[in-house]
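These are my notebook entries on a few places that I looked up. I began with the backbone and then turned to a sheet and a helix.

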Amino acid sequence: MSKPLFIAARMLRIAGLAFGLCAAASAAPQWPGDFGPPIGEPIHAVLTSPPHVPPPITRRYPAKVIVELEVIEKQMPISEGVTYTFWTFGGTVPGSFIRVRQGDTVEFHLKNNPANKMPHNIDLHGVTGPGGGAASSFTAPGHESQFSFKALNEGIYVYHCATAPVGMHVANGMYGLMLVEPPEGLPKVDHEYYVMQGDFYTGGRYREKGLQAFDMEKAIDERPTYVLFNGSEGALTGDKALAADVGQTVRLFVGNGGPNLVSSFHVIGAIFDSVRYEGGSNVQKNVQTTLIPSGGAAVVEFSTKVPGSYVLVDHSIFRAFNKGALAILKVGGAEDKLVYSGKEVDSVYLGDRSLPNLNAVTAATAAAAKGKLTVQDQVQAGKDLFTGTCSVCHQPSGSGLAGVFPPLAKSDFLATDPHRAIGILLHGLTGKVTVNGSEYNSVMPPMNQLNDDGVANILTYVLNSWGNPGGRITAAEVAKVRAAGPPKAVAAEH
């Protein structure tokens with residue numbers, strides 16, 4: 001070999017060695033949470049709809065994980081007889097649950113369904129990079145965007161849409177959770193569930209029937225019509241309640257999509273053995289209620305010791321019982337009188353969600369929309385609503401409580417003027433009344449959380465039950481009384 005060729009070959013070998021060293025250096029871990037390049041063939045992530053969670057990750061090496069998520073705009077129920085146009089990740093509110101391992105390289109595909117009307121993107125709080133992926137994922141209807149990121153930090157992270165106006169996209173349901181498991185995985189439990197709170201702003205009042213539009217003014221003023229778990233009232237109650245058995249461990253991945261409110265997450269009758277608060281690595285023990293900020297998440301774990309219905313609430317309590325932030329965990333199994341000797345949880349904690357479903361209410365709403373609502377339809381719907389709203393005081397039999405709450409059964413007070421009861425339900429009643437010859441002096445709080453249909457159906461049920469004279473109250477009659485407002489106070493004579 002000539003000297004010039006020898007020198008050239010030597011230089012090429014040196015350059016090749018240098019290139020190899022650089023490549024090796026680039027493949028080596030650069031940051032905490034980086035466990036090197038992906039190993040093996042790419043993996044397609046298993047995505048699940050709430051309240052379900054993908055299975056735990058058992059591999060112990062970093063992989064390339066492909067996540068494919070579609071944005072779908074669709075009308076869905078937000079309450080009984082009430083629909084809303086949600087904007088969703090994966091067709092549900094919250095969006096699909098994403099589960100990856102710390103150190104994974106995630107190839108993210110965001111698809112915007114061709115039938116959609118709006119552009120969307122995604123901001124994943126578990127992404128290290130500007131916008132959490134938002135700038136890389138702006139996607140018009142009928143298009144798909146792709147970007148990649150390395151999951152460097154373990155934890156439970158919110159994702160949401162960040163397309164302007166951001167608040168409106170989030171308020172329409174565009175949020176979900178991504179779990180980045182630690183390399184060794186999470187401790188084994190018997191059940192894992194996915195629960196996410198959100199506040200919703202509709203043009204109509206709480207439980208006003210029909211398709212409801214988004215109300216920007218209410219949203220800006222932070223006056224939600226609904227505060228909900230998993231996107232609709234009753235999403236996790238009745239036959240859709242969460243389930244476990246005595247002696248089992250439960251892990252809840254709890255997120256708060258907001259867009260405005262902080263959640264005071266509480267399970268009535270359970271004490272959290274541990275809480276990974278704010279979705280981070282620190283753990284708090286023996287917790288009663290944990291704060292979850294808007295755009296934040298937590299992991300709560302507890303063990304079940306006695307059977308019954310455990311109520312999940314936002315303990316800003318009017319949100320639970322008057323805006324919908326209520327869910328149920330049903331625990332089966334044998335009682336342990338040493339731990340708890342009491343009866344099943346009272347219906348006061350459940351309201352109308354103590355029932356397996358509100359099918360009669362839905363049927364009455366459908367019949368009314370067709371102009372075919374019968375008295376019997378109202379009676380059946382009213383019975384369901386009475387059970388959850390009125391029976392605690394007036395008793396399921398309508399007998400009331402002697403000396404405390406007047407009876408509704410065979411009531412001469414109702415028979416004298418049935419329509420008078422409309423104003424009492426809407427505006428309450430304070431002071432002495434005489435019913436069936438006995439005097440009562442208690443307080444009837446206003447039930448103005450009920451919509452016009454609900455008031456009409458409850459009163460129609462009462463009028464046609466327990467020996468009362470019959471008849472019906474219509475939603476139009478209730479609306480008229482509501483519009484007139486409460487009666488003006490009359491000054492006492494001296």
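**Entry 1: backbone angles.** I located Asn436 in the loop between strand S23 (433–435) and strand S24 (438–440). I note that the model is a predicted one. Asn436 is not a glycine, yet I read a positive phi of about 50° for it. I recalled that most residues other than glycine have a negative phi. The relative accessible area of Asn436 is 36%, and I recorded the residue as partly exposed.

I then looked up Glu222, another residue that is not glycine, and found a positive phi near 60°. Glu222 lies in the loop between helix H3 (216–221) and strand S12 (226–229). With a relative accessible area of 45%, Glu222 is partly exposed.

**Entry 2: cis peptide bonds.** I kept in mind that most peptide bonds are trans. The bond that joins Pro50 and Pro51 is cis, with omega about 10°. I placed Pro51 in the loop between strand S1 (43–44) and strand S2 (64–79). I also found a cis bond from Val93 to Pro94, where omega is near -5°. Pro94 sits in the loop between strand S3 (82–89) and strand S4 (98–101).

**Entry 3: an open sheet.** I traced 5 strands in the order S13-S21-S20-S15-S18, and their pairing is mixed. Strand S13 (242–245) and strand S18 (289–292) are at the edges; each has a single partner strand, so one side of each has no neighbour in the sheet. From one strand to the next, the twist averages 20°. I followed S13 to strand S21 (residues 326–332): the two run parallel and are joined by 4 bridges. In this pair, Leu242 stands opposite Leu329 in S21.

**Entry 4: helix H9.** Is helix H9 (residues 420–427) largely enclosed by the rest of the structure or left open, and why? I found that 6 of its 8 residues are buried, so H9 is largely enclosed. The buried residues are Ala421, Ile422, Gly423, Ile424, Leu425 and Leu426. Among the elements they pack against are helix H8 (412–416), helix H10 (452–463) and helix H11 (475–484). Just after H9, I noted a positive phi of about 85° at Gly428.

I next examined H9 with H11, whose axes are 10 Å apart and at an angle of about 60°. The two helices are therefore oblique to each other. H9 passes H11 in a right-handed crossing. H9 contributes Ile422, Gly423, Leu426 and His427 to the contact, and H11 contributes Glu477, Val478, Val481 and Arg482. By class, I recorded 4 nonpolar, 2 polar and 2 charged residues in this contact.

Methods:
Residues are numbered from 1 along each chain as its sequence is written. This is a predicted model: local features need pLDDT of at least 70, side-chain atom pairs count only at pLDDT 80 or more; totals for chains, interfaces and linings use all residues. Side-chain values use heavy atoms; hydrogens and water are left out. Two strands pair if DSSP finds at least two bridges between them. Axes are lines fitted to C-alpha atoms, for helices over the stretch in contact, and angles run from 0 to 180 degrees between N-to-C directions. Buried means under 20% relative accessible area, exposed over 50%, partly exposed in between (1.4 Å probe, protein chains only). Contact means heavy atoms within 4.5 Å. Angles under 35 degrees count as roughly parallel, over 145 as roughly antiparallel, 65 to 115 as roughly perpendicular and the rest as oblique. A crossing is left-handed if the near helix is turned anticlockwise from the far one by less than a right angle, and right-handed if clockwise. Ala, Val, Leu, Ile, Met, Phe, Trp, Tyr, Cys and Pro count as nonpolar, Asp, Glu, Lys and Arg as charged, and the others, Gly among them, as polar.
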